[in-house]
Amino acid sequence: MILRISVATLLFATNVNLANAESIYTGSTKGSYYNVFCPQVQAAIKTEYFNHQCVATKGTTDNIGKVKAAPTDIGIGQMDLLADEADLAIIDADIGMECMYAVSSDPSIGSLSGISSRIPFVLPGAGSGSEQSFKRLQSLDEGLGALRNVTNASSAYEAVNKVVSGEAVMAFFVQFPDTRNDVFKLINENELSFVPVINRNILRQEVNGTRLYEALEVNVTPQGLLSMLKREDAPTIQTSCTKIALFTGKADDLEGNAKSDQEAMIAALAKTQRPEKDGWAEMFDNVKTMGEGAIDDVLKKFDK
């Protein structure tokens, strides 16, 4: 009986500690936010003796709601979805970019502008960061806003798979440009076409002086051994990318030690380092900035 009471007491105490543990809200357990970027955040804040735990969520939009409910928690998310959140402390630690991709089984589609309103179009899960980014694009383009055959899949992978299976003609998603990812493998193995997501209207978007998108040249196919021997460049596209940002509650909304702790945590978050293990340092080379002349040349092709 004594043993049972001790175990029960221990389990109760453990559950209380877990319930009270502060969190870093990420995304899917299979995604880069959870597996790669969250450990980098943990390492940064441990210098100030914070011990937040990585927690899987539905993505940026979900993370925003959770941090608003618990302001000493931390979220990882897309800058384009955070710029309007004036009541959050948003930290740009320059830890990476997420890029917007559209892929299609119809190789004749060369731009998102002017596509048929009847096209079977698929997005990742309802409420996901990808869906919210696409809604922003729809507000900037009447043609995208007029689409009337848009459905949701459970993930970016499943959205692309619907294009592969013929259930949809085009899929849109936002993702870190990791060509090793299963989504890119699925696209390349089935020879789907990448459709650039870029125009002047997208690149003009800013909130309070913060640019939401940057034009980047992104590798979309792993460079094979043969092309390396021939010194050929890996296939790339030009598209719009948004920064991966960290966010938490504002210190000014707290008092006393809680305010001091929040200030220390925000300062520590700004020192978060980019991941380097397991080939991640090389993966940042998948993304290259473009000069103004190159950007103008690209935009001439895709602007209306």
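These legends accompany close-up views of a predicted model.

**Figure 1. Overview of the predicted protein.** The chain has 304 residues, and 45% of them count as buried. It holds 13 helices and 14 strands. Take contacts between residues at least 6 apart in sequence: 75% of these join residues at least 24 apart.

**Figure 2. Tyr101 and Phe173 form an aromatic pair.** The protein has 12 aromatic pairs. In this one, the ring centres of Tyr101 and Phe173 are 5.3 Å apart. Their planes meet at 25 degrees, so the pair is stacked, the limit being under 30 degrees. Tyr101 belongs to strand S5 (residues 97-104), and Phe173 to strand S8 (residues 170-175). Tyr101 is buried, at a relative accessible area of 0%. Phe173 is buried too, at 0% relative accessibility.

**Figure 3. Phe184 and Phe194 form a stacked pair.** Here the ring centres lie 6.4 Å apart, and the planes are at 20 degrees. Phe184 sits in helix H8 (residues 182-189). Phe194 sits in strand S9 (residues 193-195). The pair therefore ties together parts that are 10 residues apart in sequence. Phe184 and Phe194 are buried.

**Figure 4. Other ring interactions involve a cluster and a lysine.** Ring pairs join Tyr33, Phe37, Phe176, Trp280 and Phe284 into a cluster. Elsewhere in the legend's subject, Lys66 places its charged end over the ring of Tyr25. The distance to the centre of that ring is 5.9 Å.

**Figure 5. Helix H7 packs in contact with helix H8.** The axes of H7 (residues 156-165) and H8 come within 9 Å. They cross at roughly 10 degrees. This angle is under 35 degrees, so H7 is roughly parallel to H8. H7 contributes Ala156, Tyr157, Val160, Asn161 and Val164 to the contact. H8 contributes Asp182, Val183, Leu186 and Ile187. By class, the contact residues divide into seven nonpolar, one polar and one charged.

**Figure 6. Ser133 is a buried residue of helix H5.** H5 spans residues 129-140. The relative accessible area of Ser133 is 0%, so this serine counts as buried. Which residues does Ser133 contact, leaving aside its neighbours within four places in sequence? They are Gln78, Asp80, Leu81, Met100, Phe172 and Val174. Met100 is 33 residues from Ser133 along the chain. The C-alpha atoms of Ser133 and Met100 are separated by 8.4 Å.

**Figure 7. Glu191 has a positive phi.** Most residues other than glycine have a negative phi. Glu191 is not a glycine, yet its phi is about 55 degrees. Glu191 lies in the loop between H8 and S9. Its relative accessibility is 71%, so Glu191 counts as exposed.

**Figure 8. Asp278 also has a positive phi.** Phi of Asp278 is near 55 degrees. Where is Asp278 found? Asp278 is in the loop between helix H11 (256-269) and helix H12 (280-283). Is Asp278 buried or exposed? At 66% relative accessibility, Asp278 counts as exposed.

Key
Residues are numbered from 1 along each chain as its sequence is written. This is a predicted model: local features need pLDDT of at least 70, side-chain atom pairs count only at pLDDT 80 or more; totals for chains, interfaces and linings use all residues. Side-chain values use heavy atoms; hydrogens and water are left out. Rings of Phe, Tyr and Trp (its six-membered ring) pair if their centres lie within 6.5 Å; planes under 30 degrees apart count as stacked, over 60 as edge-to-face and the rest as tilted. Helices (H or I, at least four residues) and strands (E, at least two) are DSSP runs, numbered from the N terminus. Buried means under 20% relative accessible area, exposed over 50%, partly exposed in between (1.4 Å probe, protein chains only). A charge sits over a ring if NZ of Lys or CZ of Arg is within 6 Å of the ring centre and within 35 degrees of the ring normal. Axes are lines fitted to C-alpha atoms, for helices over the stretch in contact, and angles run from 0 to 180 degrees between N-to-C directions. Angles under 35 degrees count as roughly parallel, over 145 as roughly antiparallel, 65 to 115 as roughly perpendicular and the rest as oblique. Contact means heavy atoms within 4.5 Å. Ala, Val, Leu, Ile, Met, Phe, Trp, Tyr, Cys and Pro count as nonpolar, Asp, Glu, Lys and Arg as charged, and the others, Gly among them, as polar.
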